[in-house]
Amino acid sequence: MKRKLLIKMKKYLSLIFWIAIYLAVAFGIGQITQGEITSWYAELEKPSFNPPNYLFSIVWTILYIMIATAGWKIWQSNKGVRELKWIFIGYTILNWGWTPIFFGGHEILVALIWIAVLNLVTITFILKSWNKERFASFLMMPPLLWTSFAMVLNYSIYILNT
């Protein structure tokens, strides 16, 4: 009985580790580009549906917990998910790369293309994980919805500022 409890605790500690890493990286990226939000981004023309800045950190915290849990679930799986692991790594690189491109590089069009590719990779992950790790598939749906909204917002900012 103690052994089962220890195994279960170790499993969930690894989940906490995944979440902590995701949140730490996201926080680090946010810190690097924070100054651009109050300077460059504040000066851009934005559509009427642009959310207030504080909302982004709240939403992304929740989404990163979901994304980290989906990744953790894939890494815990023994259902032949090697391809899903590579897709997830690609997704993570794309996800973490958008902020430095948009805010750091001020590359609105490149960021738009980048987020479109991110959404395609997310859809691929959702479809390919559906029959192997459905919970991971479900967890990636809210991030897809948010990045789809972000893509529309990115497009609108591009149109309004070119």
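Is Trp-72 buried or exposed? Trp-72 is buried, with a relative accessible area of 5%, where buried means under 20% relative accessible area, exposed means over 50%, and partly exposed lies in between (1.4 Å probe, protein chains only).

## Basis of the model

This is a predicted model, in which local features need pLDDT of at least 70 and side-chain atom pairs count only at pLDDT 80 or more, while totals for chains, interfaces and linings use all residues. Residues are numbered from 1 along each chain as its sequence is written, and side-chain values use heavy atoms, with hydrogens and water left out.

## Overall build

The protein has seven helices and zero strands, and from the N terminus on its elements run α-α-α-α-α-α-α; helices (H or I, at least four residues) and strands (E, at least two) are DSSP runs, numbered from the N terminus. Along the principal axes, the C-alpha atoms fill a box of roughly 60 × 30 × 25 Å.

Of the 162 residues in the protein, 39% are buried. Among contacts between residues at least 6 apart in sequence, 76% join residues at least 24 apart, a contact being heavy atoms within 4.5 Å. The protein exposes about 9,600 Å², of which carbon and sulfur atoms supply 70%; accessible areas come from the Shrake-Rupley method with a 1.4 Å probe, and for residues only the protein chains shown count as cover.

## Aromatic pairs

A search of the whole structure finds 22 aromatic pairs, counted when rings of Phe, Tyr and Trp (its six-membered ring) have centres within 6.5 Å, with planes under 30 degrees apart called stacked, over 60 edge-to-face and the rest tilted. One of these pairs is formed by Tyr-12 and Trp-72, which is tilted, at 5.9 Å centre to centre and 35 degrees between the planes. This pair links distant parts of the chain, with Tyr-12 in helix H1 (residues 2-38) and Trp-72 in helix H3 (residues 53-76), 60 residues apart. Tyr-12, at 39% relative accessibility, counts as partly exposed.

The rings of Phe-102 and Phe-103 have their centres 4.9 Å apart and their planes at 80 degrees, so this pair is edge-to-face; both Phe-102 and Phe-103 are buried. Ring pairs also link Trp-18, Tyr-22, Trp-60, Tyr-64, Trp-75, Phe-88, Tyr-91, Trp-96 and Phe-125 into a cluster. At Tyr-41, the charged end of Lys-46 sits over the ring, 4.7 Å from its centre, the criterion being NZ of Lys or CZ of Arg within 6 Å of the ring centre and within 35 degrees of the ring normal.

## Salt bridges

Three salt bridges are found in a search of the whole structure, each being a side-chain nitrogen of Lys or Arg within 4 Å of a carboxyl oxygen of Asp or Glu. The side chains of Lys-73 and Glu-133 meet in one of them (3.9 Å, N to O). Lys-73 lies in helix H3 and Glu-133 in the loop between H5 and helix H6 (134-139), so the pair ties together parts that are 60 residues apart in sequence. Lys-73 is partly exposed, with a relative accessible area of 25%, whereas Glu-133 is buried at 7%.

Lys-128 forms a salt bridge with Glu-83, the closest N and O atoms being 3.4 Å apart. This pair links Lys-128 in helix H5 with Glu-83 in helix H4, 45 residues apart.

## Surface patch and individual residues

Trp-75, Trp-86, Ile-89 and Ile-93 make a nonpolar surface patch of about 430 Å². Patches are made of residues with over 30% relative accessible area and no salt bridge, like charges being joined within 9 Å and nonpolar side chains (Val, Leu, Ile, Met, Phe, Trp, Tyr) within 5 Å. The largest share of the nonpolar patch, three residues, comes from H4, while Trp-75 lies in helix H3 and, at 32% relative accessibility, counts as partly exposed.

His-106 is found in the loop between helix H4 (82-104) and helix H5 (108-129) and has a positive phi of about 55 degrees although it is not a glycine. Most residues other than glycine have a negative phi. In helix H5, Thr-122 is buried, with a relative accessible area of 1%, and, not counting residues up to four places away in sequence, Thr-122 touches Tyr-91, Met-140 and Leu-144.
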